[in-house]
Amino acid sequence: MFKKNHCNAISVSPFKISFLFGSIHSLLYWGASFTKNVIGIFASNLFLLKISIFFALLITLYPLSKRFIRAPQFILGITFGSSCLIAYSLQSNEFTISLAILYIGIVAWIVSFDTFYALADKEDDEKIGIYSTPLLFGNKTIQFAKVLHLFFYFSLGLIGYINNFSLFFIITI
């Protein structure tokens, strides 16, 4: 990393210095952000704390799911769909039917989107032996993804109906 120049002084390239300080800065920023978020979660309500711990575990397990679960896109949907639960729990301890429907709808949308995305890697997934919904559903993959998209829109309409949202909300879905 270091080399001596003609004056027996150590010289370091500007790139190496920049990389070193950039790495230190990134680690400090990550540590500060992580600490702030953990403090925020513990300062919030108990519902937020419980679901944050549960979904943090799922987030760490998701990368392994492609090796052991036939449809890892469902784990992805369950994990990242949690954002609506976490955001809602910042405002309320109450778990409503509308929130459950929204969560299920978001999970369906994420699974559908990632299924379309995974079609590009279908052959590679098959070669290296990992699972995906395109491999699971084969020739019916696109139809499956379309049904999940429709379910998402249905869930939004159902939330609008349950909560007596205006007709404008239903029409704009």
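**Pocket and helix packing in a predicted model**

Q: Which helices each supply at least two residues of the lining of the largest pocket?
A: This is a predicted model, where local features need pLDDT of at least 70, side-chain atom pairs count only at pLDDT 80 or more, and totals for chains, interfaces and linings use all residues. Residues are numbered from 1 along each chain as its sequence is written, and side-chain values use heavy atoms, with hydrogens and water left out. Helices here are DSSP runs (H or I, at least four residues), numbered from the N terminus. The ones supplying at least two lining residues each are H1 (14–43), H2 (46–68), H3 and H4 (82–89).

Q: Which helix gives the largest share of that lining, and how many residues is that?
A: The closest of the 18 lining residues to the pocket centre are Ile 41, Ser 52, Phe 55, Ala 56 and Ile 59. As for the largest share, that comes from H1, with seven residues.

Q: How do the lining residues of the largest pocket divide by class?
A: Ala, Val, Leu, Ile, Met, Phe, Trp, Tyr, Cys and Pro count as nonpolar, Asp, Glu, Lys and Arg as charged, and the others, Gly among them, as polar. On that basis, the lining splits into 12 nonpolar, six polar and no charged.

Q: Is the crossing of H3 and H5 left-handed or right-handed?
A: H3 (residues 72–80) and H5 (residues 97–118) pack at about 135°, their axes 8 Å apart. A crossing is left-handed if the near helix is turned anticlockwise from the far one by less than a right angle, and right-handed if clockwise. By that rule, the crossing of H3 and H5 is right-handed.

Notes: Axes fitted to C-alpha atoms, helices over the stretch in contact; angles between N-to-C directions. 1 Å grid on protein atoms, 1.4 Å probe; cavity = no way out; pocket = protein on both sides within 12 Å on 5 of 7 lines; lining within 4 Å.
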